[in-house]
Each structure stands twice: as C-alpha cells, then as structure tokens.
Amino acid sequence: MSDPAEVAEMQAALVRLRRNTGVSVVFGGLLHDTHRLRIAQVSGARTSALQGLGISAGNGLGGKSIALSRPCGVTDYRKARHISHEYDAAVTAEGLCSVLAVPVVVRRRVRGVLYGAMRQPVPLGDRIFDAAVAAARDVEQALVVRDEVRQLLTKVREPDVDSVSWEKVREAYGELRALAPLIGDPALRETILSVCTRLSAAGVQADQPAVALTPREVDVLACVASGATNASTAQRLGLRPETVKGYLRDAMRKLGAHTRLEAVVAARRAGVLP
C-alpha cells in the first residue's frame with residue numbers, strides 16, 4: 001500500500017509540471033513492486049480512462065521507461081513503432097498524441113513514473129523534458145528523505161539503552177535532527193522531533209538544570225557531537241558556516257561552556273543531547 005505522503009509528493013510534482021509547462025494532461029503513479037505501477041494521480045484528463053491503469057515493466061511508453069530506467073517519449077503514441085501498444089485504448093479514449101514518461105529512480109531502483117502529454121502530435125521540446133525530469137527529481141529527493149527517516153525511526157523508536165550502544169543512539173539522533181527540517185509533512189516532522197526528545201532525555205539526571213536552546217542550536221550541537229566541523233555542519237544543515245558559528249557560540253554561552261567538547265558534555269548532562 002502506498003504511503004499517503006509519498007502519493008501527495010507525486011501529486012504535487014505533477015501539478016507543478018502541468019502548471020510550468022502547459023501540457024494538456026499529466027499523470028503518474030508509484031510502483032507496487034519492481035515490475036508494475038498503477039496510475040493513481042491524473043490532472044487535466046477529460047475521461048477516467050487513465051485512472052487506475054496498471055502499467056507493467058516493458059509495456060507501453062511508461063513500461064519502457066521502467067525497464068530502461070530513463071525518460072522515453074513519442075510524438076504520436078498510437079503510431080509509434082518502438083513501443084508496445086497494450087494501452088492504446090486508454091490513450092485513444094483520452095485523445096493523447098505526444099507523450100513523455102520520466103521514471104523516479106531512487107538508489108538505482110525505479111519507484112514511480114511521471115507522464116506529460118499533449119493532445120496534438122507536436123514534439124515535446126527541451127523545456128518540457130527538463131521540467132519533467134526536474135519534477136521526477138523532486139519526488140526522488142522526497143522519497144530518499146522519507147526512506148532514511150523510516151530506517152532511523154525503526155532503529156530508535158524503542159531504544160533499549162542496555163543493549164544499544166550510546167554511540168549508535170547518538171549517531172541516529174544527529175541524523176534525525178539533520179533530516180527533520182527537510183520533511184514537508186508536519187506530522188512526520190513532529191514524530192521525528194518527538195523521538196529526538198525521548199532520546200536526549202533518556203540519560204539525563206534528575207538534578208540537572210534545564211537549558212533553553214533553540215532548535216537550530218540543538219541541530220548544530222548534534223552535528224558537533226558527531227565530530228562534524230563547522231563546514232560539514234553547515235553543509236548538512238543547509239546553513240552558512242558563519243551562521244553555524246553563531247549558533248554554536250550562543251549554545252556554548254547558554255551552557256556555560258568554553259570549548260566545543262565542553263558544550264557537548266554539558267548538553268548531554270542537561271538532556272539536550274543523548
């Protein structure tokens with residue numbers, strides 16, 4: 001079953017593609033397995049012929065895109081000789097001629113396909129091709145982030161401090177803090193931050209005073225705790241190195257620390273970091 005958030009990412013990418021290029025119809029879907037997808041998102045259609053259509057690897061334009069893991073296009077779908085024609089009935093019902101199919105490839109595996117189509121047999125030029133590829137890349141990046149989040153949450157959702165080394169917990173914590181700002185889904189982002197809070201509080205001593213750090217100060221400290229330099233921290237968090245220095249300086253002041261190491265130790269004692 002498809003993740004609703006992943007489906008929403010696909011839908012948003014298709015809407016942007018249609019808006020930015022003016023193509024008549026956009027549609028797409030995510031693969032249920034390595035060989036088959038179902039068209040679940042359609043925009044601009046006049047009929048329901050495309051909705052729910054199952055596409056198998058190797059069949060039709062989209063199936064060819066899945067099999068080759070690269071974009072494929074035709075100027076006149078029904079007359080194209082280098083694709084098979086299992087889906088001509090649906091294409092004809094919708095009145096499509098020029099069609100472009102672009103795969104969403106995550107770690108060398110096709111996870112979905114985006115289509116753009118016109119009702120006239122006109123070449124789909126570089127502008128439309130580039131926009132379709134960019135839309136597919138947007139979905140790809142969203143899926144990469146969500147995959148990483150799932151893996152990390154699986155590791156630390158119920159941490160057992162007696163059997164899991166603190167270094168592994170701290171590593172996962174730092175990765176989660178860095179990923180959280182990249183998540184567009186508010187509910188998932190709050191879940192990640194909630195897990196981070198549980199991890200950071202797991203080893204805190206009851207007599208430690210509370211320290212009020214901003215979320216970005218905590219993000220920077222989490223990176224520093226993993227051994228990251230200011231430059232690599234900036235790259236990981238999407239900040240400028242000067243901004244990272246400012247956050248670190250403010251965090252050190254609040255923690256009463258004079259060095260980066262002292263800041264990390266103080267943050268762990270206060271339950272800010274695990």
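How many of the nine residues of strand S6 (residues 98-106) are buried? This is a predicted model, in which local features need pLDDT of at least 70, side-chain atom pairs count only at pLDDT 80 or more, and totals for chains, interfaces and linings use all residues. Residues are numbered from 1 along each chain as its sequence is written, and side-chain values use heavy atoms, with hydrogens and water left out.

The answer is nine of the nine, so S6 is largely enclosed by the rest of the structure. Buried here means under 20% relative accessible area, with a 1.4 Å probe and protein chains only. Strands are DSSP runs of E of at least two residues, and helices are runs of H or I of at least four, numbered from the N terminus. In a regular strand the side chains alternate between the two faces of the sheet. Both faces of S6 are covered, with Val 102 among the buried residues on one side and Val 99 among those on the other.

I turn to its partners. Strands pair if DSSP finds at least two bridges between them. Strand S5 (residues 72-74) runs antiparallel to S6 and is joined to S6 by three bridges; Val 74 stands opposite Val 99. Strand S7 (residues 109-118) pairs with S6 over nine bridges, also in the antiparallel sense, and Leu 114 of S7 is the bridge partner of Val 102. S6 and S7 form a hairpin with two residues between them, and Arg 107 in that turn has a positive phi of about 50 degrees.

Terms used
Buried means under 20% relative accessible area, exposed over 50%, partly exposed in between (1.4 Å probe, protein chains only).
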